[in-house]
Amino acid sequence: MVKVTCRKCNETFTLNIEENTLDEAIEMLKQTKGFECTAGHHVELGSPMDYWTIHPETIYEAEPMTEGDWLERLKATVANGTVWDTQELGRDFEIAGFTTGLCVGRDRKTREEVCFDYGASPSGKRYYWRIS
Ligand SMILES: [Zn+2]
């Protein structure tokens, strides 16, 4: 985690550089061609480094997230706070397939077609949540 100030919107925010060193993170930002500013949500073509000032003295390690914290945080952001693990998903839905990072299935009870997004927890377990 490192503090970043955007010179366009003049906001300061915390950037999660994950497992990267600051140099690696900056290198990736330099190669990014187009982004949405984390602070001001303005969309720009070109590298965030053309807009952002990184404050290297503020760098700190993020607390490692536990499985439980991760799941709680996920539930707080998804519709109805409902997520499925792979087993639960197969129990409740007939999975039609995966396309462009989404999973499409049909509710076994209501026959409703449902679209899911998914992500992996810190331990690598996959969870699904509805986006339609
Ligand atoms: Zn900005």
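Predicted model: local features only at pLDDT ≥ 70, side-chain atom pairs only at ≥ 80, totals over all residues.
Strand β8, residues 102-107, and strand β9, residues 113-120, pair in the antiparallel sense over four bridges. Within that pairing, Val 104 stands opposite Cys 115 in β9.

β7 and β8 make a hairpin with two residues between them.

Now the sheet these strands belong to. It is an open sheet of five strands, in the order β6-β10-β9-β8-β7, with antiparallel pairing. Its edge strands are β6, residues 84-85, and β7, residues 93-99, and each of them pairs on one side only.

Back to the hairpin turn for a moment. Thr 100 lies in the loop between β7 and β8. Its phi is near 35 degrees, which is a positive value in a residue other than glycine. As a reminder, most residues other than glycine have a negative phi. Is Thr 100 buried or exposed? Thr 100 is exposed, because there are 4 other C-beta atoms within 10 Å, and the cut-off for exposed is 12 or fewer.

Staying with β7, that strand also holds Phe 98. Phe 98 counts as exposed, since 12 other C-beta atoms lie within 10 Å. For exposure the limit is 12 or fewer, so Phe 98 sits on the limit itself. In general, nonpolar side chains in soluble globular proteins tend to be buried together. Phe 98 and Pro 122 are 24 residues apart along the chain, and their C-alpha atoms are separated by 22 Å.

Next, the core. Which residues make up the largest nonpolar core? There are nine: Val 83, Trp 84, Leu 89, Phe 93, Cys 103, Phe 116, Tyr 127, Tyr 128 and Trp 129. The strand that gives the most to this core is β10, residues 126-130, with three residues. Setting aside neighbours within four places in sequence, Trp 84 is in contact with Leu 89, Asp 92, Tyr 127 and Tyr 128. Of these, Leu 89, Tyr 127 and Tyr 128 are listed in the core along with Trp 84.

Let me move to the other sheet. This one is open too, with three strands in the order β2-β1-β5 and antiparallel pairing. β2, at 12-15, and β5, at 52-55, stand at the edges with a single partner strand each, so one side of each is left without a neighbour in the sheet. From one strand to the next, the twist averages 35 degrees.

Within this sheet, β1, residues 2-6, pairs with β2 in the antiparallel sense over four bridges. Thr 5 has Thr 12 in β2 as its bridge partner.

The loop between β1 and β2 contains Asn 10. What is the phi of Asn 10? It is positive, at about 60 degrees, although Asn 10 is not a glycine. Asn 10 counts as exposed, because there are 9 C-beta neighbours inside 10 Å.

Now the chain as a whole. It has three helices and ten strands. Read along the sequence, the pattern is β-β-α-β-β-β-α-β-α-β-β-β-β. The domain assignment gives domain 1 at 2-58 and domain 2 at 67-130. How far apart do the C-alpha centres of domain 1 and domain 2 lie? The separation of those centres is 31 Å.

On overall dimensions, the C-alpha trace spans about 55 × 30 × 25 Å along its principal axes. The chain has a radius of gyration of 19 Å, whereas a compact globule of 132 residues would have one near 14 Å. As for burial, 11% of the 132 residues count as buried.

Last, contacts. Taking the contacts in the chain with a separation of 6 or more, 43% are accounted for by residues 24 or more positions apart.

To recap: there is a five-strand sheet in the order β6-β10-β9-β8-β7, and a three-strand sheet in the order β2-β1-β5. The chain is assigned domain 1 and domain 2, with C-alpha centres 31 Å apart. That is what I have for today.

Terms used:
Residues numbered from 1 in each chain as written. Pairing = 2+ DSSP bridges. Axes fitted to C-alpha atoms, helices over the stretch in contact; angles between N-to-C directions. Domains from an automatic or database assignment. Core = buried A, V, L, I, M, F, W, Y, C linked by C-beta atoms within 7 Å. Buried ≥ 20, exposed ≤ 12 C-beta atoms within 10 Å, placed from the backbone. Contact = placed C-beta atoms within 7 Å. Rg over C-alpha atoms; globule rule 2.2 N^0.38 Å.
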